[in-house]
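Welcome! Here are some exercises to work through with the model open beside you. Try each task yourself before you read its solution.

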Amino acid sequence: MNGSRMRVYFDYNATTPLAPEVAAAVAKTSQDLFGNASSVHYFGQQAKAAVDEARSAVAALINADPSEIVFTGSGTESDNFAIRGTADAAEVTGRRHLVASAIEHEAVLNTLKALGRRGWRPSLVPVEQSGLVSPDQVRKALADDTAIVSVMHANNEIGTIQPIAELAAIAHERGALMHTDAVQSTGKIAVDVRALGVDLLSLSAHKFNGPKGAGAIWIKRGTRLQPILTGGKHERNRRAGTENVPAIVGMGVAARLAAAKMSAEATRVAALRDRLEAGILRDVSGTVVNGAPTMRVPNTTNISFDRVEAESLLIALDLEGVAVSTGSACSSGTLEPSHVLRAMALPAHRTQNSLRFSLGMFSTEEEVDRVVEMLPRLVEKLRGLTRKTVSA
Ligand SMILES: Cc1ncc(COP(=O)(O)O)c(C=O)c1O
């Protein structure tokens, strides 16, 4: 993509490049709409109108009403707001229990841990070997005082899509609220808050070719939650702080683009992902795909390479100009096996030897073929090194 030789970026689940239309809108807004969206004068009202247009665009992408969208600074903040905000509001009712799946993003898992230190009881629901959350396990985990169930729509490491509507119905039977982290599904597959039947949904602009520093939470009308950022009356008293107008406008443009191109892009990217996956399984011995093969977002594949340490292969690929990931970006750089693959109860050699390839807007067939072509050589070299170290 960039640089003198062709670099390949297959790490779209970590973050995506800006769509050109988004970059143009962010630059123009930064220049032209510097007003504070809370100001009553012309400059403020121009900024407010731009934020409201973005709110409509984000709402349309997930079949929501614009009044139910609150802009935040990130997916992480949206997850925190959903869980902490609900917990704070539910405290007076005596509810003290939280449920999430064991494969949630750290934004959810560490929020549960933090609430655990404040007297809440978090329960983590195990997943099946496919990475799917079983509705029966969620039913078992629920208690009379469960305040909220949080299960991600699509997993960031393996791409698995969860049966959210079914899980939401189970949570509601026990009077609990349902939150879904849709950070990795929004923009890749249809996300419809009504069809999912949830009460709260998190999204993040930089995962669908929007800017970093813009996220949103959808809060179903009537859902009780306390703000976690207190201050001015921004976002209808739900999230204080002067709006990041250029990033929000960029998120709106990215939302409109994603909605317009969704089905064509999903088909195109799935074909590339399938070509990559088939090529690797065919040409590299000892490879296996992790996660449910069908219930998956179209851009992601997670593959274990027998007898190769994932970090070494990641570095070897990077030296060849190819960017991939060993799972969640936060755990890269450490040799900790992924909590997602561990929760799937895969054998140790699969949890430690897996790479995530995630494709997107600028991915091409040429890039796929280049990666398929170089991998057998890189893998054989690393396996050779391991053999030498072992016999030395
Ligand atoms: C599933 C999921 N949730 C939440 C986040 C956090 O989003 P953000 O980077 O906008 O804070 C990520 C980002 O990696 C993610 O993949």
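**Exercise 1.** Find which helix gives the largest share of the shell around the ligand.

*Solution.* Start with the shell: 13 residues surround the ligand, each having a heavy atom within 4 Å of it. Gly75, Thr76, Asp181, Ser204 and Lys207 are the closest. Now look at where the shell comes from: helix 3 (residues 75-90) supplies the largest share, three residues. Helices here are DSSP runs of H or I with at least four residues, strands are runs of E with at least two, and both are numbered from the N terminus.

A word on the model: it is predicted, so local features need pLDDT of at least 70 and side-chain atom pairs count only at pLDDT 80 or more, while totals for chains, interfaces and linings use all residues. Residues are numbered from 1 along each chain as its sequence is written, and side-chain values use heavy atoms, with hydrogens and water left out.

**Exercise 2.** Find how far Gly75, Thr76 and His206 lie from oxygen atoms of the ligand.

*Solution.* First, a backbone N or O atom of Gly75 is 2.8 Å from a ligand oxygen. Next, the side chain of Thr76 places an N or O atom 2.6 Å from an oxygen of the ligand. Last, for the side chain of His206 the distance is 2.9 Å. As for cover, the protein hides 87% of the 390 Å² of accessible area that the ligand has on its own (Shrake-Rupley method, 1.4 Å probe).

**Exercise 3.** Work out the strand order of the seven-strand open sheet.

*Solution.* The order is 2-8-7-6-5-3-4, with mixed pairing; two strands pair if DSSP finds at least two bridges between them. At the edges are strand 2 (69-72) and strand 4 (121-125), each pairing on one side only. Then follow strand 2 to its partner: strand 2 and strand 8 (residues 215-219) are antiparallel over four bridges. Within this pair, Val70 has Ile217 as its bridge partner.

**Exercise 4.** Why is one side of strand 9 and of strand 12 left without a neighbour in the sheet?

*Solution.* Begin with the order: three strands form an open antiparallel sheet, 9-10-12. Strand 9 (287-289) and strand 12 (354-358) are at its edges with a single partner strand each, so one side of each has no neighbour in the sheet. Strand 9 meets strand 10 (residues 300-305) in the antiparallel sense over three bridges. There, Val288 stands opposite Ser304.

Definitions and conventions: Polar contact = N/O pair within 3.5 Å; in protein donor to acceptor, adjacent residues only side chain to side chain.
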